[in-house]
Structure formats: C-alpha cells, structure tokens
Amino acid sequence: MIRGSRCEVPPSPWIKEINGQLWAEEVPFSSLAERYGTPLYVYSALAIRTAFQSISQALEGIPHFVAYAVKANGNPTILRLLAGLGAWADTVSGGELFWAHRAGIPADHTLMSGVGKTEKEIEFALRLGIRSLNIESVEELEVVQSVASSLGCQARVGVRLNPHIDPHTHPYIATGIHGTKFGLEIEEAREALKQISKSPILTLECIASHIGSQITELDAIEESAFLTSLFFEEAIKEGHTPHVLDLGGGWPLAYGDEESSVPSHQAFGQAIRRGIEKSGWLERAQKHKGLFLVVEPGRAIVGEGGALLTRVLFVKRSPSKRFVIVDAAMTELIRPALYGAYHAVVPVINPARPPLDKADIVGPVCETGDFFALNRPFPEVKRGELLILRSTGAYGAAMSSEYNGRPKAAEVMADGSKAHLIRPRGKWEDLHVDPAWPFLASE
Ligand code: LLP
C-alpha cells in the first residue's frame, strides 16, 4: 500500500517504491520528469495488458470479445497495444472510428454508439463496414437507411436499449435511466425492430445497452445483462438474426476513496453471467456458434495503468489554508472539478511520509474549480518536488483541453526498463495558428 495521502490506495502492478522513490515499471518517475518535463502522463504497458487479460478471463466460458472503449484514452500507441491483444473497439465518433481503424482494429471488430451521429460519420462507418452501428433513436435509423441506400450498400445495425436501471454511480455518468438521452425505451426499441424488419437494407446485428460508468453495484449490471439479453431473445422471436449481445462498459476501478470494496473483474463477470443465464441467452450462445457477448470497458482497461506526473510550483500558506500549487491543472485532469472525483496524490520521493496537515492541491488555471484535492491530509512538500496523481489513465488525457493557453501534456509509455514518448508535448505556437492572416494586417 502507498500511504501518505487521504487513504490507502490498492497496490499497483507497475508503481513500485524502490529505495524511497517511486518507479514506473523499471524506470524512476524522477528520470521521466527530467527527460520529458512535466506535467506528463505516464502509462504502463504491463498494467494495460494485465487489465485487458483479467477482464477477458472474467468472462471465461462465455463466447465473448472485449471491445475497448476508445473514449477512455485514444492514444494511438495504447490502441495499437490493445489491437495486438485482440481487442475490439467501441467508438462514439468518426474520429474514434478513424483512430481504431488506423491502429489496425478490423472494421468487423468495431462498434459505434452515440446519440448524435452525423451523416458524414454514418457514411464513414458504412464505408469501413463496421460490425454494428448502434442506433439510439428511430430517426437515426431512417438516416442510416438513406445513407446506406445512397452508397448502395447494406447496413448492419444495433439497437441500444435504455433498460431503466439506476447504476447508483455519479449522475453525469449514469446512462441507462429513462430521462437520460441514451438508448431507446423498450416500446421505441420494439418499433426500431419493426422498421429494421421492413427494410431491405438494414440487418439487425446487435442488441446493446450501457447503463453507466464505474458501476459498483453488481445487481445493476446483472439486471441490465438480464433485460438486454431478454430483448435479444425477443428480437430472435421476431425473426431477426443478431449475433452480438453488447453489454457496454462500466467495469469499475478502485480509486482508493471508496467506502466499501470495489467489485473485482471476476465478480463483475459473474454478475453478467448470472444475468445472461437467467434469460436463457447463455445456453443459446453455447449451443449455436456465432453468437457472442461483447463488453466495452474503458476505465477498467487503462485507468489504473496511468499516472499524471506533476511538479510542485509553489507552496502558499495563508492563515486559513495550505495550498500546494502544481504545474498540472484541470486542463490535464478535469475529473476532480467535473465529478468531485478522488485521485490519490503521492510524492515521488519518500512517498510514505506521514501527512503534515490538510492542504488544497491546485493547478495554475484561473478557476476556483481547478483543484485535484481539497482539504486533504497531505505531507509536507516543497517547491520543485514531484507528485503523481494515480489512476488517471482513463478520461484524463482524453478529456484534456488547452484552456488558459496551456498546450497538451506529453505522454510516455513505460515498458519494462524502457520508456517511449507516445505523444509529444503541445507547443504554444500550435495553439495560435491564424488561418485568416493577413486579413486585418493592413488596418
Ligand atoms: N460504452 C459506452 C456506450 C459508453 O458510453 C462508455 C462510456 C463506455 C462503453 C465505457 O465505459 P467505462 O467502462 O469506461 O466505464 N468521463 C467519465 C466517464 C464517461 C463515460 C462515458 N461512456 C469519467 O471520467 O468518469
């Protein structure tokens, strides 16, 4: 366990303390900071591989594929690493489809969801020939049909169900309750099935759902697996021949502040199994070749395997507060500001030192919401020291911005004793390209 911040953080397969300092696999974080500067995203190839394999093992005995949710982290090297492990891709935009395609993930192993796909995106997906365009409204179905007919091709589609299950996660990432914009309520989903039946162009390939992210209540995912697979059975009775049961993502990650223990991959996989057994889907899939389950984890594959390395710029003591001001900000990691999310913050040198008193750990951006931790018991740290923010591989760099004129952070991948630059640091000049020049120049 790494102590020294608010609570204990689960041990990591890749962050180790050796001679009083933290290492990323077999490379000291301090040498990465020297070589690449800070703020710096550091990933571990080992941790990502291990997480991917552990999720797949949790579904052993069920015909399945693991489709990585590209939105969690679309870094091209991470995508290539996962492609090499046989990952499928879950995408939500033309951009993500393009990245997955470039990383070598076959179109037949790629799915696409999203409530607002443009015609351009639909056309790109159809041209690539992806496995399933998961539609989220009846109107979208009509557009897919018309784009496919103008291209003169067939379209394999999925119907994303909104099963009305509360996953008891942060409300911003709960996506399977009626009243959220995602998926189709059961009556609309039935209507979609009818429309697909009537169309000579559309084929139902997939029944899908995704009820939310960071699901720690197993009953919720079991119920979702049950209802979604029951709807799959209904589609078959209506004469469709879908092959893919897509249960979305939501596999949770222990960040270290949870009140009770976070379900293991094994337990999450077992909950899915119970749901698809109860509906009879598992038995059907085991009997008939060609039916399979797809899961779409993002956070659970890359979350733990990433850390944001940052340097203390200043320590400011006011009568009421100690501020630790670091060179990373909400621009690199918005999760604390957006969801009040917890990330362990640990000094790189002498990480186990005891807390001194409470501190706010904040970035340089001009927003009071620009914080990583508020009132957190934290050790004494000095200007120039390095800290890591743990479990930031998912929805960290992917949600970063260039607000306040801050170029994007560099990213490196540790792999054993080597580290590779996998995204160069952004540059000031790239943030200020002026395509209208010399317009106004003579005024
Ligand atoms: N499939 C679909 C259709 C999704 O919308 C998502 C995530 C996933 C899979 C992957 O979910 P995961 O396994 O990573 O939980 N920015 C938020 C998370 C937003 C998730 C959006 N959809 C955060 O930082 O917590």
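This is a predicted model: local features need pLDDT of at least 70, side-chain atom pairs count only at pLDDT 80 or more; totals for chains, interfaces and linings use all residues.
What do the rings of Tyr41 and Tyr43 do? Their centres are 6.0 Å apart and their planes sit at 5 degrees, so this pair is stacked. A second pair is Trp251 with Phe268: here the ring centres are 4.7 Å apart and the planes are at 40 degrees, so we call the pair tilted. Trp251 sits in the loop between β11 and α9, while Phe268 belongs to helix α9, so the pair ties together parts that are 17 residues apart in sequence. Are these two buried or exposed? Both Trp251 and Phe268 are buried. Searching the whole structure turns up 9 aromatic pairs, and there is also one aromatic cluster formed by Phe65, Trp88 and Phe292.

Now, how far can we trust the picture? The average pLDDT of the protein chain is 95, and 98% of the residues score at least 70. Strand β4, residues 40–44, has the highest confidence, at 99, whereas strand β1, residues 15–18, has the lowest, at a mean of 95. Please be careful with residues 1–7, though: pLDDT stays under 50 there. For that stretch the model has 32 contacts beyond four places in sequence.

Asn75 caps the N-terminal end, with a side-chain oxygen 2.8 Å from the backbone nitrogen of Thr77. Just after the helix comes Gly86, which takes a positive phi of about 90 degrees.

Next is helix α8, residues 218–237. Its 20 residues reach 29 Å from the first C-alpha to the last, close to the 28 Å expected at 1.5 Å a residue. The buried residues of α8 include Ile221, Phe226, Phe231 and Phe232. What do the buried residues of α8 pack against? Their partners are β9, α7, β10, β11, α9 and α10. Just after α8, Gly239 has a positive phi of about 100 degrees.

Let me finish with two loop residues. Glu385 lies in the loop between β17 and β18, and it is buried, with a relative accessible area of 18%. The side chain of Glu385 makes a polar contact with the side chain of Arg353, at 2.8 Å. Leaving aside neighbours within four places in sequence, Glu385 is also in contact with residues including Thr310, Val312 and Pro347.

The other one, Ala352, is found in the loop between β15 and β16. Ala352 counts as partly exposed, at 45% relative accessibility. In sequence, Ala352 and Gly20 are 332 residues apart, yet in space they are 8.3 Å apart, C-alpha to C-alpha.

Conventions
Residues are numbered from 1 along each chain as its sequence is written. Side-chain values use heavy atoms; hydrogens and water are left out. pLDDT is the predictor's confidence in each residue, from 0 to 100. Helices (H or I, at least four residues) and strands (E, at least two) are DSSP runs, numbered from the N terminus. Contact means heavy atoms within 4.5 Å. The expected span of a helix is 1.5 Å times one less than its number of residues. Buried means under 20% relative accessible area, exposed over 50%, partly exposed in between (1.4 Å probe, protein chains only). A polar contact is a pair of N or O atoms within 3.5 Å; within protein, one must be able to donate a hydrogen and the other to accept it, and residues adjacent in sequence count only if both atoms are side-chain atoms. Rings of Phe, Tyr and Trp (its six-membered ring) pair if their centres lie within 6.5 Å; planes under 30 degrees apart count as stacked, over 60 as edge-to-face and the rest as tilted.
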